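Dear colleague,

I am handing over the structure below, together with notes on what was found in it. Please read the notes with the structure open beside them.

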Amino acid sequence: MLKNNNREKDRRELVDLLIGRGIKDEKVLSAILKVERHKFVLDAMQIHAYKDIALPIGSGQTISQPFTVAFMTEKLNVRKGMKVLEIGTGSGYQAAILMEMGAKVFSIERQHDLFNNTRALFEKNGWRVHMRCSDGTIGWDDYAPYDGIIVTAGGPSIPMSLLKQLAVGGRLVIPVGDREDQVLKIIYRATETEFDEAEVPEFKFVPLIGRNGWKKA
Ligand code: SAM
């Protein structure tokens, strides 16, 4: 019943809540208003689709909390036509937000089930996202450099391979910490050799598993 309903009223309420929590970027807010989060959520979770909470999506993973998606996207400073690499496709919601904002999106997921489900969802809806099933901690060299890189799982450190694939003037947004709690690092590549770094505390992500992440799931 709920899945066929457009649920715009629910999204308006979510946007108001995000404004109340400090999200200011009009482009981010308008993407949250447009992208139907309920399409990225399991049937059993439909009732919760527009709550500001993370939800299970299967394979032990989650669709991130809308505030986290909005906050990270705001920090990425997305502009139309910009090339963005996402590590951790998951449900595809974050990728859809970036696409809605006019970014050219490349997204990597390491888990085959999630990768296949989300690719099918994108195809069904005619959404163009370049997807790959592999270890995102080594990036996607073929299409580098990227104007933005967003990592939606928490790692122990910043993978050097991702820094190398970031364009000068680009930003990398990545949660870093232990397996339970992370800070969100925002890295700006000022020149070929100089990077500026800022961080925001208290985030909780599923682990980033891979060669340059945690070694075990
Ligand atoms: N962006 C997702 C969304 O909108 O639903 C969030 C998904 S969840 C918080 C993080 C995802 O990162 C999981 O699907 C997990 O399998 C994936 N992941 C973890 N380590 C990865 C890696 N090294 N490469 C690619 N994906 C990874």
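Two strands are said to pair if DSSP finds at least two bridges between them, and the helices (H or I, at least four residues) and strands (E, at least two) are themselves DSSP runs, numbered from the N terminus. This is a predicted model, in which local features need pLDDT of at least 70 and side-chain atom pairs count only at pLDDT 80 or more, while totals for chains, interfaces and linings use all residues. Residues are numbered from 1 along each chain as its sequence is written, and side-chain values use heavy atoms, with hydrogens and water left out.

I begin with the strand pair. Is Glu202 buried or exposed? With buried meaning under 20% relative accessible area, exposed over 50% and partly exposed in between (1.4 Å probe, protein chains only), Glu202 counts as exposed at 75% relative accessibility.

A second residue other than glycine with a positive phi is Arg7, where the angle is near 60°. Arg7 is found in the segment before helix H1, residues 8-20, and is buried, with a relative accessible area of 7%. Asn5 is placed in that segment before H1 as well, but is partly exposed at 38%; its C-alpha atom is 41 Å from that of Ala167, at a sequence separation of 162 residues. The backbone also holds a cis peptide bond, from Ala144 to Pro145, with omega near 5°, and Pro145 sits in the loop between strand S5 (130-133) and strand S6 (146-151).

Next comes the largest pocket. The lining divides into 16 nonpolar, 16 polar and 5 charged residues, where Ala, Val, Leu, Ile, Met, Phe, Trp, Tyr, Cys and Pro count as nonpolar, Asp, Glu, Lys and Arg as charged, and the others, Gly among them, as polar.

Helix H3 is mostly covered, as 10 of its 11 residues are buried, including Phe67, Phe71, Met72 and Glu74. The helix is followed by Asn77, which has a positive phi near 55°.

The model also contains a ligand with 28 residues around it, of which Glu86, Ser91, Glu109, Gly136 and Ile209 come nearest; a residue is near a molecule or strand if one of its heavy atoms lies within 4 Å of it. Which atoms of Glu86 and Gly136 lie by nitrogen of the ligand? For Glu86 a polar side-chain atom lies 2.8 Å from a ligand nitrogen atom, and for Gly136 a polar backbone atom is 2.8 Å from a ligand nitrogen atom. A backbone N or O atom of Arg110 lies 3.3 Å from a nitrogen atom of the ligand.

Finally, His38, in the loop between helix H2 (26-34) and strand S1 (55-58), counts as buried at 0% relative accessibility. Its side chain makes a polar contact of 2.7 Å with the side chain of Tyr50, a polar contact being a pair of N or O atoms within 3.5 Å; within protein, one must be able to donate a hydrogen and the other to accept it, and residues adjacent in sequence count only if both atoms are side-chain atoms.

With best regards
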